[in-house]
Amino acid sequence: MSVQHKLNLSKTAIARSSEYAIEYLEQLDRMRVSPSVEQAKLLDVFDESMPPQGMDANEIVQLLHKHGSPNTVATAGGRYFGLVVGGSLPACAGSRTLMAAWDQIGTTHFTSPITSKLESVASDWILDIFSLPKQSSVGFVTGTTMGNFVCLAAARHFLLARLGWNVETQGLMGCPLIRVLASKEVHFTVKKVLALLGIGTNIIEPLEVDDDGAIDIDKLPTLDDRCLILTQAGNVNSGAIDPIGAIAAEAKKVGAWVHVDGAFGLWAAASEKKKKLIQGFECADSWVTDGHKWLNTPYDCGIAICRNAEAVHNSMSTTAPYFAAAVDIDAKDMMPELSRSARGIDIWAALKNLGKDGVASLIDRNCEQANRMASGLKDLGFDVLNAVVLNQVVATFPSHEDQIDKLVKSVVDSGEAWFGVTEWQSRSAFRISFSSWVTTLDDVETTLKAIKKAKQKLGW
Ligand SMILES: Cc1ncc(COP(=O)(O)O)c(C=O)c1O
């Protein structure tokens, strides 16, 4: 096959997929948010055994669009309110296409100079937008789960090294004990990370929380220099932010490590209107947030930030003779993976696309939409169970709380919007999260109408 022929194959597949991607985005606002039963039948076409012969790339793209596009959940649209999901900003959608052609490995300066450069710039911008210490390390990982993994590995290294133990070489068997203090409302993925790191979850000393799920500072136990304190900026249900500044002040007195899981809530710091909610968070030791939630990058993009870059390096660095010529600390030395995508470019593209003002306005817009949703729900007779301080609304219908899943199913089945059930303060409820750059106040009204209709259908 000639070089020209190979080039033509890639060119037509990329051109065709761009056409389909545009077609998809054009219908996004009108399509069902989740596929219908009929649409789901289109997936049967993929049930085949491993084909002996390959298929033309163009036909594959066509197959994906015809049978795959109708079976997506419209998370890139304006009425997907589940799981704190953002859309994909135009610059990211565009840069991803180029990145597919580039096929870069973001391992070192040498494997991809452009990735290394843009990840370095994006790191500076991240520290700038959050006003975090300039010497902090920034790692672009797959999500907050892996971001927590990186930061807690660094914390584990630091706390044990101070006790004379090198966890990377000596492992955990027989190591000195550290203490892990975590909010009763800690996200389940943080517990998973503790398990992955061999620290385990039995060690957790649970911290009492207030009615909105934020750590109660008055009930903080006595701290010491063996403590790893796990705080949260943005409770996944209520959006509440722990009093991180006050906790960090106590921790500093004894040399404890404070970590912030800010999967979405860290972005409050980027808004003049909301930053007071997260006051003092910059005094913590490590922070994690997602790009794919409130910054609206595509999946999967998480950001691990650590004041003590050396601790991250000590827990993540790798060497091999064929990487010996690296000129500086590389991505492979600050994150778990060796081969990795150029995902920091998504963060760079999103920040370049929005600018500081654009990020702030996105945060403020979504928070305003959450407030409108809360007041619309109250007008319909729902109880809003959380203080709507950020982008999260948790609500239930008092007289039919035990059937709240039926209401949610009815709205989801209508295809008008998507949100899920939850439990909050021992009450069955649903949760609506606002984090998309495409969501408008009209989307809020459309969703309220769908909820009203579902409620009437159920005879409530
Ligand atoms: C507070 C919190 N922590 C951690 C996570 C996990 O993030 P990811 O799915 O990006 O790994 C989430 C996701 O919703 C979250 O809200």
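**Close-up views of a predicted model**

View 1. D300 lies in the loop between β6 and β7 (302-306); helices (H or I, at least four residues) and strands (E, at least two) are DSSP runs, numbered from the N terminus. The peptide bond that leads from Y299 to D300 is cis, with omega near -10°. Another loop to visit is the one between α3 (57-68) and α4, where L83 lies. L83 is a residue other than glycine with a positive phi, near 50°. For context, most residues other than glycine have a negative phi, and most peptide bonds are trans.

A word on the model: it is predicted, so local features need pLDDT of at least 70 and side-chain atom pairs count only at pLDDT 80 or more, while totals for chains, interfaces and linings use all residues. Residues are numbered from 1 along each chain as its sequence is written.

View 2. Seven strands build an open sheet with mixed pairing, in the order β1-β7-β6-β5-β4-β2-β3; two strands pair if DSSP finds at least two bridges between them. β1 (137-141) and β3 (204-207) stand at the edges with a single partner strand each, so one side of each has no neighbour in the sheet. On average, neighbouring strands are turned by 20° against each other, direction ignored. Zooming in, strand β5 (residues 257-261) and strand β6 (residues 286-290) run parallel and are joined by three bridges. Here H259 stands opposite S286 in β6.

**View 3. Helix α4 against helix α11.** The axes of α4 (residues 90-102) and α11 (residues 344-379) come within 8 Å and cross at roughly 145°; axes are lines fitted to C-alpha atoms, for helices over the stretch in contact, and angles run from 0 to 180 degrees between N-to-C directions. From α4, the contact uses P90, A91, C92, S95 and M99, and from α11, I345, D346, A349, A350, K352 and N353 (contact: C-beta atoms, placed from the backbone, within 7 Å). These residues divide into seven nonpolar, two polar and two charged. Ala, Val, Leu, Ile, Met, Phe, Trp, Tyr, Cys and Pro count as nonpolar, Asp, Glu, Lys and Arg as charged, and the others, Gly among them, as polar.

**View 4. The shell around the ligand.** Of the 15 residues around the ligand, G143, T144, T145, H187 and A263 come nearest (a residue is near if its C-beta atom, placed from the backbone, lies within 6 Å). The shell holds five nonpolar, eight polar and two charged residues.

Notes:
Contact = placed C-beta atoms within 7 Å.
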